Amino acid sequence: MNKSNKKLKLAIICSGGNSPGMNNAVIGFAKKCAQCNIDAYYFLWGYKGITNNDIHPCNLRYLEEFTNRGNTIIGSGRLPSFATDVNVRKKAVKNLKKNGIDCLLVVGGEGSYQGAYKLSQLGAKVIAIPATIDNDVNSTQYTIGFDTCLNQVSKLINDITDCFSSHDGINLIEIMGRACPDLTINTGIGSNIYMVTKYNILKTEDFIKIVKHCKSQGKRAINFVVTEKIYGTNNLPTLASIAKKIEATTGHMTRVTTIGYIQRGGTPSARDRLIANYLVDKAVDLAKQGVFNKAVGINNKQIVAIELKRAVTMKRKSHNRYLVNKFNKINLQ
Ligand code: F6P
């Protein structure tokens, strides 16, 4: 019940790039609401669905069929005008009010958090839940989808290595993550691969030096994992042109593999399913208590909630630079 003793009415959206585990957040939400006698709704296609009033009651028996799917059955999306045009946001707030939604749960990444905060500034009540393969939400140490994506990338790299070890070859593997190097770093450390991130941008000569060193040690396949959106921008050469020069100089077949959207699909891992359920459980508990405009997340293995306003301005404490340097030295062995 809300303060006026009316039955509580909550809605959920998934926003931004899909990430495996979003379905589990939606299902967890629907189940928890059913258990707490809360009316549960979702809007299709993220913020766009709110502005178009594309609202639907949660049908638990339908939703739970998607427990093991890496998509989000309620759709997700990016709506740039939501960030830039206050009238778009006002329309969303109007639709939330019209539907009597007491609180909106936003499941998404950093951009979605900004959108949620802007909605709260217009009077909507919101709670943000972190979900993105990038792990780039500063207010949490973990985002739903990261683990599945990491497993997906690690598996693909096994397969790529099969090819390149057969040809004594070199592969520059570009990994998604936007500006955040977490996927690259966790892949690199876990799979013993040299990492190239914003902390250690290599020149073509540096790649060649590493290749020569590794070949002199008798290494067959040589992989580099490289965070996307570094090469081919800011006057840096493309990975394709670096690959050509490596091949021309060393005589070893050198190719680029862009893993791309494959890494954003796949059955959600047990960890992502579990964390999705913990986080929505916390979010619904907060809404039940009449506590809004929070960001839930994970800090030192605890489920926590902080002010959304603080969440969207937080800077990240990270050991990433240290990890890249330390494990790259190890990976050269
Ligand atoms: O945020 C998830 C993500 O997959 C990023 O890693 C990537 O840069 C981006 O989305 C790609 O999505 P889009 O094609 O929508 O920009």
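Predicted model: local features only at pLDDT ≥ 70, side-chain atom pairs only at ≥ 80, totals over all residues.
## Helices α1 and α11

Two packed helices are described by the angle between their axes and the distance between the axes. For helix α1, which spans residues 22-35, and helix α11, which spans residues 270-288, the axes come within 8 Å and cross at roughly 45°.

On the α1 side the contact is made by N24, A25, G28, F29, K32 and C33, while α11 contributes R273, A276, N277, V280, D281, V284 and D285. By residue class, this contact of α1 with α11 divides into 6 nonpolar, 3 polar and 4 charged residues.

## Helices α8 and α13

A further pair is formed by helix α8, residues 182-191, and helix α13, residues 320-331, whose axes lie 10 Å apart and pack at an angle of about 30°. The two helices are therefore roughly parallel to each other, since angles under 35 degrees are counted in that way, and the crossing of α8 and α13 is left-handed.

In this pair, D182, I185, G188 and I189 of α8 meet N320, L323, V324, F327 and N331 of α13. The residues of this contact divide into 5 nonpolar, 3 polar and 1 charged.

## Surroundings of the ligand

Which residues are around the ligand? The set consists of R78, I133, D134, M176, G177, R178, E228, K229, Y261 and R264, and for D134, G177 and E228 a distance to an oxygen atom of the ligand can be given.

For E228, a polar side-chain atom lies 2.5 Å from an oxygen atom of the ligand, and for D134, an N or O atom in the side chain is 2.7 Å from an oxygen atom of the ligand.

Technical notes. Residues numbered from 1 in each chain as written. Heavy atoms only, no water. Axes fitted to C-alpha atoms, helices over the stretch in contact; angles between N-to-C directions. Helix = DSSP H or I, 4+ residues; strand = E, 2+ residues; numbered from the N terminus. Contact = heavy atoms within 4.5 Å. Nonpolar A, V, L, I, M, F, W, Y, C, P; charged D, E, K, R; others polar. Near = heavy atom within 4 Å. Polar contact = N/O pair within 3.5 Å; in protein donor to acceptor, adjacent residues only side chain to side chain. Parallel < 35°, antiparallel > 145°, perpendicular 65-115°, else oblique. Left-handed = near helix turned anticlockwise from the far one by under 90°.
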